[in-house]
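Here are my notes for your review. Please read them beside the model.

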Amino acid sequence: LDLAGGAHIPIGIGVPTSNATGALYGWAADYPLSAYRGGIHEDGIDAMRQVVDTSGNQTVVIIEIGPHTNAQRLMERFPYTQQKIRVVIMGGSVAPGIRLPWGHVTPV
């Protein structure tokens, strides 16, 4: 987000992974999260719930570009959100031959 001019956008810490979930990990491995100026939610799943709760009757669109565990966890922890969200995912990879820890099946 810093590089794209989006440092005003807060980010949330999602479901823990192995921290090395593919070929793109190295791209951000040395970025110190504490340096991010846009704000950090330690519980990113609850931050997603707060957005849903304050959206009124509008559908919240969640765009997942990594492991699809965060939308899954949102729906597990807060089942009512299933009726209020739409999830858009990136299916595939920008890196040829990427191998994910769970294989070719997404957890959602």
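1. A salt bridge here is a side-chain nitrogen of Lys or Arg within 4 Å of a carboxyl oxygen of Asp or Glu. Asp 53 and Arg 49 meet that criterion, with N to O at 2.4 Å. Because they sit four residues apart in helix 2, about one helical turn separates Asp 53 and Arg 49. Arg 49 is buried, at 19% relative accessible area. Asp 53 is partly exposed, at 34%.

2. This is a predicted model. Mean pLDDT is 82, and 72% of the residues reach 70 or more. Confidence is highest in helix 2, at 96, and lowest in helix 1 (residues 25-28), at a mean of 66. Where pLDDT is low, the predicted coordinates should not be read in detail.

3. On the overall layout: the protein has three helices and four strands. Their order from the N terminus is β-α-β-α-β-α-β. Of the 108 residues, 22% count as buried. Take contacts between residues at least 6 apart in sequence: 76% of them join residues at least 24 apart.

4. The largest nonpolar core has eight residues: Val 15, Ile 45, Val 52, Val 60, Ile 62, Leu 74, Phe 78 and Ile 85. Helix 2 (44-53) and strand 3 (60-64) each supply at least two residues of this core. What does Ile 45 touch, leaving aside neighbours within four places in sequence? Its contacts are Ile 13, Val 15, Asn 70, Arg 73, Leu 74, Arg 77 and Phe 78.

5. Arg 73 also takes part in a salt bridge, with Glu 76, at 3.4 Å from N to O. Both lie in helix 3 (residues 69-77), three residues apart, about one turn of the helix. Arg 73 is partly exposed at 33% relative accessibility, and Glu 76 is partly exposed at 48%. Elsewhere, salt bridges with shared partners join Asp 46, Arg 49 and Asp 53 into one network.

6. The whole structure holds five salt bridges. One of them pairs Asp 2 with Arg 37, the closest N and O atoms being 3.6 Å apart. This pair links distant parts of the chain, 35 residues apart: Asp 2 is in the segment before strand 1 (11-12), and Arg 37 is in the loop between helix 1 and strand 2 (40-41). Asp 2 is partly exposed, at 28%, whereas Arg 37 is exposed, at 64%.

7. Finally, the surface. The protein exposes about 7600 Å², with 57% supplied by carbon and sulfur atoms. Val 61, Ile 63, Ile 65, Val 88 and Met 90 make a nonpolar patch of about 460 Å². Val 88 lies in strand 4 (residues 85-89) and is partly exposed, at 34% relative accessibility.

Terms used
Residues are numbered from 1 along each chain as its sequence is written. This is a predicted model: local features need pLDDT of at least 70, side-chain atom pairs count only at pLDDT 80 or more; totals for chains, interfaces and linings use all residues. Side-chain values use heavy atoms; hydrogens and water are left out. Buried means under 20% relative accessible area, exposed over 50%, partly exposed in between (1.4 Å probe, protein chains only). Contact means heavy atoms within 4.5 Å. Accessible areas come from the Shrake-Rupley method with a 1.4 Å probe; for residues, only the protein chains shown count as cover. Patches are made of residues with over 30% relative accessible area and no salt bridge: like charges are joined within 9 Å, nonpolar side chains (Val, Leu, Ile, Met, Phe, Trp, Tyr) within 5 Å. A nonpolar core is a set of buried Ala, Val, Leu, Ile, Met, Phe, Trp, Tyr and Cys residues joined through side-chain atoms within 4.5 Å. pLDDT is the predictor's confidence in each residue, from 0 to 100.
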